[in-house]
Amino acid sequence: MAILLRRIKSLDHILAEADNKDRGLRRTLGPVALTAMGIGTIIGTGIFVLTGIAAATKAGPALTLSFVVAGTVSALAALCYAELASSVPISGSAYTYAYATLGELIAWIIGWDLVLEYGVGAATVSIGWSGYLANFLESAFGINIPVRFQHAPYDLGSAGQVIHGFANLPAACIILLITLLLIKGTRESSIVNTVIVIIKLSVVLFFLAIGVGHVNQVNWHPYFPFGWSGVFAGAAFIFFAYIGFDSISTAAEEAKNPQRDLPIGILFSLALCTVLYIAVVAVLTGITKYTHLSVPSPVSYAIISLGHLNWAGAIISVGAICGLTTVLLTLMYGQSRILYAMSRDGLLPRGFAALHPVWRTPFVSTLTIGIVFAVIAAFTPIGIVTELTNIGTLAAFILTAIAVVILRRTYPAMRRGFRVPFSPAVPVLSALASFFLITQLRPFTWISFVIWLIIGLVLYAAYGRSHSAVALQERAAGAGSTRGS
């Protein structure tokens, strides 16, 4: 164990990989594209799906404070990510940071953790996307997708009844379509993402403009129906809504000027989305009593429930489809880059690090995760995917905060495009705040997370421990010293 914790990947070697123009990824992303990438993931499932359930079952109108709590925890983590992403501009996000500071074993754990975060998140979002598409086609054009092709086997309906579907084909199809887009190139996918983000932000602003005139302040009372414990439980539940800004750091190796652009993208996307979240929740709970919001499409539902704005509800549904599409795009992008980084380090088979000869994208890892996600989305009921995405993200936040403190001590003179203020106080506070939100999650989530980590450790012991690039270097160095003696 101690040896594996000391098995640290040289920071000089990490930075050299990023600068390798022949083997590295192509740098095509500027601050606008990176900010759009963050917004594309942050504004999606959280605001279009989870707000209603969280208000109805966790916090009531005080969900606005839940977003403040979750946003504060995310802001602390964002400062840490901004420093590390500008200092270590290479694919892999928290995985790479852990490898340079905490050792190979912790790096494997966090990499495996991120695989879970992005994997479960993408499968969940694709199923939600399928539902919004089916509703839109039916309401706008009278087109009904057969039930057996909308649901996985033994899926549950809105009333809790079992639906004997065959496969959720729209969910699988959207994942495969995005997979092809990502293989084509980062620049092309980022352009599509930016356009859809503009549409999505326009729809959110449209909801605020339409809804603010229909707010009934009576609906905000009682403001704390579940007390402060409900506010914190709501923060842990809707933390999914903030997942996204950390995915910007996975694009570090493809940023044109990572020292400047990554902090801009991370901090600005988080700040903008936090303001929009609070505004949307305030209007949402002002239009409709919180007890009526436990529906999968609360934003459009609130507008339609007014009785004379069905057209506005249809427009918002289109925005939700766009929103979930960009979430999928960024989650799958981040997942492929994590696999690419782990494969390049030898912790996973080297084939996952293969780049397309023309587009310079990790097409093997992208195609692999696309097929796996499509199968999961097609045949897995949405109820099976739970808060695992949240716990995976919060665990990554904790280790990222620790990495900031360690890098400050081990590499005090390295170039940092951004520095966390008041370090080490802010990184320590970030780690503690993230752990606090983890304690608000259900025991079932903890147990599932531990099982996932055990599976990962078995894989590491069977393959990664002996095949990693650092391990091979150690053996080569040992053999050389033996011959020399």
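Leaving aside neighbours within four places in sequence, with which residues is Glu 83 in contact? In the predicted model examined here, local features need pLDDT of at least 70 and side-chain atom pairs count only at pLDDT 80 or more, whereas totals for chains, interfaces and linings use all residues. Residues are numbered from 1 along each chain as its sequence is written, and side-chain values use heavy atoms, with hydrogens and water left out.

Glu 83 is found in helix 5; helices (H or I, at least four residues) and strands (E, at least two) are DSSP runs numbered from the N terminus. With neighbours within four places in sequence set aside, the contacts of Glu 83 are Val 404, Arg 408, Arg 416, Phe 418, Arg 419 and Val 420, where contact denotes heavy atoms within 4.5 Å. Glu 83 counts as buried because its relative accessibility is 1%. Buried means under 20% relative accessible area, exposed over 50%, and partly exposed in between, for a 1.4 Å probe and protein chains only.

The protein chain as a whole contains 18 helices and two strands. Of its 485 residues, 59% count as buried. The accessible surface of the chain comes to about 18,900 Å², and 71% of this area belongs to carbon and sulfur atoms; such areas come from the Shrake-Rupley method with a 1.4 Å probe, and for residues only the protein chains shown count as cover. Among contacts between residues at least 6 apart in sequence, 82% join residues at least 24 apart.

Two packed helices are described by the angle between their axes and the distance between the axes. Axes are lines fitted to C-alpha atoms, for helices over the stretch in contact, and angles run from 0 to 180 degrees between N-to-C directions. Helix 5 (residues 63-87) packs with helix 10 (residues 227-237) at an angle of about 55°, the axes being 8 Å apart. Helix 5 is therefore oblique to helix 10; angles under 35 degrees count as roughly parallel, over 145 as roughly antiparallel, 65 to 115 as roughly perpendicular and the rest as oblique. The crossing of helix 5 with helix 10 is right-handed. A crossing is termed left-handed if the near helix is turned anticlockwise from the far one by less than a right angle, and right-handed if clockwise. Helix 5 contributes Leu 65, Ser 66, Val 69 and Ala 70 to this contact, and helix 10 contributes Trp 228, Gly 230, Val 231, Phe 232, Gly 234 and Ala 235. By class, the contact of helix 5 with helix 10 comprises seven nonpolar, three polar and no charged residues. In this classification Ala, Val, Leu, Ile, Met, Phe, Trp, Tyr, Cys and Pro count as nonpolar, Asp, Glu, Lys and Arg as charged, and the others, Gly among them, as polar.

Helix 5 also packs with helix 15 (residues 388-410), at an angle of about 50° and with the axes 9 Å apart. Helix 5 and helix 15 are therefore oblique to each other, and their crossing is left-handed. On the side of helix 5, the contact involves Ala 77, Cys 80, Tyr 81, Glu 83 and Leu 84; on the side of helix 15, Ala 396, Phe 397, Thr 400, Ala 401, Ala 403, Val 404, Leu 407 and Arg 408. The residues of this contact divide into 10 nonpolar, one polar and two charged.

Pro 263 lies in helix 11 (residues 258-287) and is buried, with a relative accessible area of 6%. Pro 263 and Leu 79 are 184 residues apart in sequence, while their C-alpha atoms are 8.1 Å apart in space. Trp 129, in helix 7 (residues 104-141), is likewise buried, at 10% relative accessibility. Excluding residues up to four places away in sequence, Trp 129 touches Pro 170, Ile 174, Ile 321, Leu 324 and Thr 325. The C-alpha atoms of Trp 129 and Ile 321 are separated by 5.9 Å, although these residues are 192 residues apart along the chain.

Backbone geometry was also examined. Most residues other than glycine have a negative phi, and most peptide bonds are trans. The peptide bond from His 221 to Pro 222 is cis, with omega near -5°; Pro 222 lies in the loop between helix 9 (186-211) and helix 10. A cis peptide bond also runs from Ser 423 to Pro 424, with omega near 10°, and Pro 424 is found in the loop between helix 15 and helix 16 (425-439). Phe 422 is placed in the loop between helix 15 and helix 16 and has a positive phi, near 55°. Phe 422 is exposed, with a relative accessible area of 69%.
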